[in-house]
Amino acid sequence: MAKAVFLDRDHTLNPDSGYISDPNKFDLYPWVPEELKKLKLKGFLLIVVSNQSGIARGLITWEQLNLIHRKMDEILDQKVNIKIDSYQVCPHHPDEGCDCRKPKPKLLIAAAQAFQIDLSESFMVGDRDSDMNAGKKAGVKQALLVTPDDELSFRSAVQQILNS
Ligand SMILES: [Mg+2]
Ligand SMILES: [Zn+2]
């Protein structure tokens, strides 16, 4: 079976100024490509799991979101020759009470089924309790909390995964 690192997006992989809709304004933190490459070389699938309620709020379209994710893959391809294996998105408003918004584990479980992932050998990395709880409910080996905009905390989370 495969193993994966599930990655929150905003404030984990990229700075978040709030509902980014323009791909030209999107960039990864500078330390992220190199760290994701290490995970990839260790055999992990890279799966982004992101709450994007800006879609329900009418602040960003699916098309714009897809362009942003294409931009992310372009950056990763150019810098370290990798790409994200899958983008799992909850587009709903928190008030909708959907079954996919983190801290619910559905997006992780759906990806695990699609990619034959052993969740007990997989990890979650994010900056919020809702990320940690989604990972735990899905049954990952470990959920690692990182601090937004903090290089050291992201690098040390990746190191913990590589060492485990
Ligand atoms: Mg976040
Ligand atoms: Zn949802």
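In which helix is the place of D77? Select D77 and you are in helix α2, residues 62-80, where helices (H or I, at least four residues) and strands (E, at least two) are DSSP runs numbered from the N terminus. This is a predicted model, in which local features need pLDDT of at least 70 and side-chain atom pairs count only at pLDDT 80 or more, while totals for chains, interfaces and linings use all residues. Residues are numbered from 1 along each chain as its sequence is written, and chains are lettered from A and ligands numbered from 1 in the order in which they are written.

Stay with D77, which has 12 C-beta neighbours inside 10 Å and therefore counts as exposed; a residue is buried if 20 or more other C-beta atoms lie within 10 Å of its own, exposed if 12 or fewer, and partly exposed in between, with C-beta atoms placed from the backbone.

Now show the whole protein, which has 5 helices and 5 strands, running β-α-β-α-β-α-β-α-β-α from the N terminus on. The radius of gyration (taken over C-alpha atoms) is 15 Å, close to the 15 Å that the globule rule gives for 164 residues, so the protein is as compact as a globular protein of that length; the rule is 2.2 Å times the number of residues to the power 0.38. Buried residues make up 37% of the 164 residues.

Next, colour the strands. An open sheet is formed by 5 strands in the order β3-β2-β1-β4-β5, with parallel pairing, where two strands pair if DSSP finds at least two bridges between them. The edge strands are β3 (86-90) and β5, each of which pairs on one side only. Select β1 and β2 together: these strands pair in the parallel sense over 5 bridges, and the bridge partner of K3 in β2 is F44. On moving to β1 and β4, one finds parallel pairing over 3 bridges, with F6 standing opposite M124 in β4.

Of its residues, 8 of the 8 are buried, so β2 is largely enclosed by the rest of the structure. In a regular strand the side chains alternate between the two faces of the sheet. In β2 both faces are covered, with F44, L46, V48 and S50 buried on one side and L45, I47, V49 and N51 buried on the other.

The core comes next. A nonpolar core is a set of buried Ala, Val, Leu, Ile, Met, Phe, Trp, Tyr and Cys residues joined through C-beta atoms within 7 Å; the largest has 44 residues, of which V5, F6, L7, I47 and M124 touch the most other members. β2 gives the most to this core, with 6 residues. Centre on V5: leaving aside its neighbours within four places in sequence, V5 is in contact (C-beta atoms, placed from the backbone, within 7 Å) with L39, F44, L46, S122, F123, V125 and I161.

Finish at helix α4 (residues 129-138), whose buried residues are D131, M132, A134, G135 and A138. Seen down the axis of α4, these residues fall within an arc of 160°, so they line one face of the helix; the arc is that of the directions from the helix axis to the C-beta atoms. Just after α4, select G139, which takes a positive phi of about 90°.

Note on methods: Contact = placed C-beta atoms within 7 Å.
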